[in-house]
Structure formats: structure tokens, C-alpha cells
Amino acid sequence: MNRKLLFLSLSAAFLLIVSWPNFGFSPLIFIAWIPLLLLEQHIITDTRFKSKHLFLYSYLTFFLWNLGTTWWIYYASAGGAAMAILCNALLMAFTFQIYHLLRKKINKSWNAIFIIPVWIAFEYLHLDWDLTWPWLTLGNNLASFPQLVQWYEFTGVFGGSLWILSINVILFHLYYYRNTLYRDFKRRIIITSGLILTAFIPTVFSLLLYYNFEGRQDPTTSINVVVVQPNIDPYRKFSSDFKEQLQRMTDLAVAKTDTSTDYLVMPETALVEDIWENEMQYSYSIRRLIELSKRMNGVKIITGASTARFYAENEKLSATARKLKMQPGYYDNYNTAVYLDSTGKLDVYHKSKLVPGVEKMPFPKYLRFLEDLAIDMGGTKGSLGVQEDRSVFVPSYGDGVIAPVICYESIYGDYVSEYVRNGANFIFIITNDGWWDDTPGYKQHLLYGRLRAIETRKSIARSANTGISCIINRRGDIEQATSWWQPAAIKGTLTSQTTETFYTRHGDFIGIVCLYIALASISIGSILYLLSYLQRFKNK
């Protein structure tokens with residue numbers, strides 16, 4: 001191995017790891033890509049090295065970055081951790097290779113800028129396919145500092161990715177061309193001024209939004225909520241007495257609920273009774289909660305549950321439908337959010353952004369025969385059922401249309417915005433993060449949730465089985481955070497902007513634009529490669 005290239009590879013990995021929340025120092029992300037860009041520049045200018053060398057060194061960087069920030073997946077599944085870390089690093093190295101090939105074919109001094117559209121296009125495409133894992137989207141890095149990213153209400157997290165990569169590219173240019181391209185004083189002043197403007201305009205704008213937030217005249221609405229954290233060991237809850245667990249949750253709720261409470265929120269898979277949606281009203285857990293709603297002045301209840309549904313004889317089957325073993329017929333299992341109230345109204349939402357390898361088998365058309373090997377992290381094995389739309393919970397009475405966001409779904413900005421476009425004015429995140437033990441995993445998950453509050457300007461009630469449960473206000477501040485692995489209940493008020501933000505209306509437009517730019521650049525690079533090949537062929 002070349003020592004210089006190895007040093008650059010390891011330096012980039014180190015900076016990416018230590019900059020990542022929650023244990024890192026986020027500002028380091030603004031220089032973390034410089035060693036990688038220098039690595040690629042060294043390989044492209046030194047004839048001793050080829051593209052394969054870049055792939056190997058960059059893969060080492062991305063492997064260490066994934067390992068250093070998402071190693072905690074191991075607590076849930078060693079196989080799942082290996083797949084997530086190895087495959088995600090491979091995709092990242094492949095993306096960086098595309099950037100490298102573009103630079104080789106479009107040989108200009110400014111061509112390092114190609115990393116911006118190429119990388120963001122990768123992040124955008126990584127949101128919606130069977131191996132989706134956007135945990136390390138660069139814009140997520142800034143979740144520790146909501147004061148700096150209030151403008152996510154216009155851009156979403158891809159605005160953060162754009163900001164981070166732009167500053168890295170400018171600093172790379174200033175450093176690498178310090179003795180050549182930018183020797184001219186006037187040119188150096190121009191590029192330095194560009195760096196200052198790129199760094200400080202978003203920062204100042206965000207700080208003004210953050211510290212003047214209370215003075216905004218946006219129309220708002222509010223509700224009062226009680227959030228329950230029962231603290232039931234996820235590895236035991238599905239084999240334990242469901243009645244005892246329900247009693248624990250209702251006891252916590254009763255202690256905090258009063259006549260002003262509008263909603264009671266309980267975590268993902270809080271109800272572990274075998275609940276068939278075709279006859280849900282007869283479930284013991286559902287009947288108990290409806291009775292609780294009646295006793296507690298009509299408080300509306302949203303809870304997680306593991307449910308299943310029979311298919312009628314002539315009903316079209318989903319791709320995840322399973323055959324009943326003891327009788328004819330088919331059914332689907334779901335990770336479900338349930339709404340109920342004192343009128344007996346029942347509504348369900350099925351988690352639809354499923355964790356690959358845990359709640360669904362990727363590429364089921366080809367790997368369906370491996371479904372039984374899917375990890376058991378919710379009482380059932382194999383792929384869960386989903387639904388097409390982000391349906392919302394409209395109450396029978398009172399205020400508050402709710403977005404029931406289940407666990408992993410909360411890291412997808414535009415996905416959560418779909419609930420808002422469908423009428424939600426409050427977001428409830430219900431989750432069960434205890435699978436990962438006391439590691440950075442659940443802390444990162446919490447921090448990412450605050451970005452959804454900024455993007456939509458909707459307050460969030462977060463109910464986590466083992467913690468951390470909290471209220472997240474419209475600025476992304478975390479309020480009344482509970483302790484990890486402690487039973488608790490908190491009471492608070494959610495206030496939400498009734499109008500849609502720019503990001504809510506337009507979604508991940510930055511990702512889409514970057515995808516088009518990347519495709520156009522790749523097309524131009526391919527044409528140039530073809531022309532050069534034809535020229536060499538002609539010369540022969």
C-alpha cells in the first residue's frame with residue numbers, strides 16, 4: 001500500500017466518524033471530504049495508479065465510516081450489521097468511482113465540483129429502493145445543531161448535503177491550487193470571498209430564523225399530549241404477558257392524563273396481543289383502551305401494535321401475503337399504528353418504509369424463498385405488509401390530524417412530508433429502539449427526528465418504548481426528554497404551523513435537480529469517452 005494514499009484514506013474516515021452525531025463534533029464534516037478529494041486528485045495525476053486503486057482506498061474510507069457510525073446494528077443482528085456496513089460502503093465507493101471517471105473525461109480545473117451532484121444523486125436514489133439505508137445522508141450530520149439548519153424548511157436534508165460538499169470542494173481548491181491556479185491575489189480573494197459567503201450566509205440566516213422564531217406570525221394550532229414510555233425489554237415483550245404490559249402502560253398514562261389532555265401516545269408494537277384487523281373490535285387490548293378513553297374524558301389514543309389481516313376469498317393478494325398453515329386462505333402481518341377513541345372509532349396505518357433484512361426481504365421477486373431467514377424483531381418473521389398512501393388519523397372530535405410515523409420512517413424527510421400534504425398538522429413518532437442497547441443508534445435516531453420538525457414546522461410527540469421519549473418543538477428543540485431504559489410518562493403541548501412549508505410542498509427538489517445534473521454529466525462523459533475511443537481506433 002502507498003503510505004500517502006493510506007494516510008489520506010484513514011484521515012477521511014477518521015474525520016467522517018468523529019464528526020457524526022451524537023458523539024462527534026459536527027463542524028469537522030466541513031473538512032472531512034478534503035482528504036478523499038486529495039486522494040482522488042493524487043491518483044488521477046500519478047500514472048503509477050489506476051482507477052482500481054481509488055476504488056480500494058475509497059472503499060476502505062467508506063467501510064470505516066459505516067463501521068464507526070453504525071456498528072451498533074450488531075446488537076440486533078450480526079448479519080444485518082455486516083450487510084448494512086459492507087453493502088453501503090460498496091455503494092459509496094462505486095459512487096465515488098463515477099465521480100473519478102467524470103473528472104478523467106472532463107479535464108478542467110474546476111471539475112472537483114462534480115462530487116456535489118453525483119453524491120447527492122446517490123443519496124436521493126438511496127431513499128427509495130429495496131436496500132434503502134439513508135442513515136448517513138450528509139445533511140443528517142447537522143441534526144445536533146438545529147440552530148444552524150433552520151433553512152431545512154426550504155431545502156430538507158439535501159440542502160445540508162449541498163452545503164457540506166460545497167464548502168469541502170472550495171477548501172480543496174484553495175489548498176490544492178494554492179501555488180498555481182490561485183497565486184493571483186485577486187483570484188484568491190474572489191474564491192476566499194465565495195467560501196466566506198457559502199459558509200456564513202446559511203449560518204446567519206438560520207440563526208436569525210431560530211432566535212426570532214417566536215416573533216413569526218405563522219398561524220398555529222395546538223393540542224395537549226401525554227407520551228408513555230413503558231420500558232419493556234424488546235427481546236422479551238413478544239413472549240411476555242400482553243395484559244400485564246398493557247396494564248403497565250395504562251398505569252403510567254393515568255398518572256399524567258387530565259381533563260385537558262387531547263391525545264395519549266404509546267410506542268411502536270405496544271400491543272403484542274394477536275390482533276386480527278378483521279375483528280379488531282373484539283381484541284382484549286383494544287376494548288381496554290376504548291374503556292380507558294371513555295373513563296378519561298374522551299382522550300384519543302394512538303398506539304403501536306402487531307396486527308394481521310385475513311384476505312377475503314376473492315380479494316387480490318399482496319406481494320407479501322402468506323398462506324395459512326392450518327386452513328385455506330391468506331393473510332398479511334403488519335407493523336401498525338392504531339387510532340381509537342371513546343366513540344369506538346378504529347383506524348389503522350401500516351408501516352410502509354420497512355427495514356431491509358428485518359421487516360422485509362429485499363428484491364422479493366427473486367429472494368422470496370429466503371423470507372424465513374429475515375430477522376425476527378417484531379414477533380413475526382418474513383416480509384411485512386405495507387400500504388400505498390401515507391394515511392393520517394382524523395379524530396372523531398376535537399383538534400389535531402395526526403401523522404402516525406413508525407420508527408424507521410422518521411429518517412425520510414419527503415416521506416414524512418407526504419402525511420402533511422395529506423392533511424396532518426401534528427407528527428407522532430412511535431418507535432422501539434431498545435434492540436440496539438445503550439449505543440449511539442437510538443440517540444442518532446432521536447436527533448434525526450428533530451429535522452422533520454424543522455422541515456415541516458410541525459411539533460412532534462415521540463414515544464419510544466425504552467427511550468428516549470420527548471416533545472420536539474417546531475424549531476427542532478428537544479423538550480422533556482426521558483431517561484434511557486426507565487419507565488416514564490410526560491405531558492406537554494404541541495404547536496404546529498397550519499400552513500405548509502416550502503419543503504413540504506416541493507419535497508426533495510435538490511435531490512431531483514442533482515440527479516438530472518449527474519445524469520447529464522455522465523452522458524457527456526460517456527460521449528467524450530466514445531469520441532476518444534473512436535479517435536484512437538482511427539489512428540490505428
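Student: Is arginine 48 buried or exposed in this model?

Tutor: Arginine 48 is exposed, at a relative accessible area of 58%. Keep in mind that we are looking at a predicted model.

Student: Which residue does arginine 48 pair with?

Tutor: First, the general idea: side chains of opposite charge can pair when their charged atoms come close. Here, arginine 48 makes a salt bridge with aspartate 46, and their closest N and O atoms are 2.7 Å apart. Aspartate 46 is buried, with a relative accessible area of 15%.

Student: What about lysine 351: which side chain does it meet in a salt bridge?

Tutor: That partner is glutamate 268, at 3.9 Å from N to O. Lysine 351 sits in the loop between β7 (346-350) and α11 (364-367), while glutamate 268 is in the loop between β2 (263-265) and β3 (271-276), so this pair ties together parts 83 residues apart in sequence.

Student: Are these two residues buried or exposed?

Tutor: Lysine 351 counts as buried, at 1% relative accessibility. Glutamate 268 counts as buried too, at 5%.

Student: How many salt bridges does the count come to?

Tutor: The count is 17 salt bridges, taking a side-chain nitrogen of Lys or Arg within 4 Å of a carboxyl oxygen of Asp or Glu.

Terms used:
Residues numbered from 1 in each chain as written. Predicted model: local features only at pLDDT ≥ 70, side-chain atom pairs only at ≥ 80, totals over all residues. Heavy atoms only, no water. Buried < 20%, exposed > 50% of the residue type's maximum accessible area, 1.4 Å probe, protein only. Helix = DSSP H or I, 4+ residues; strand = E, 2+ residues; numbered from the N terminus.
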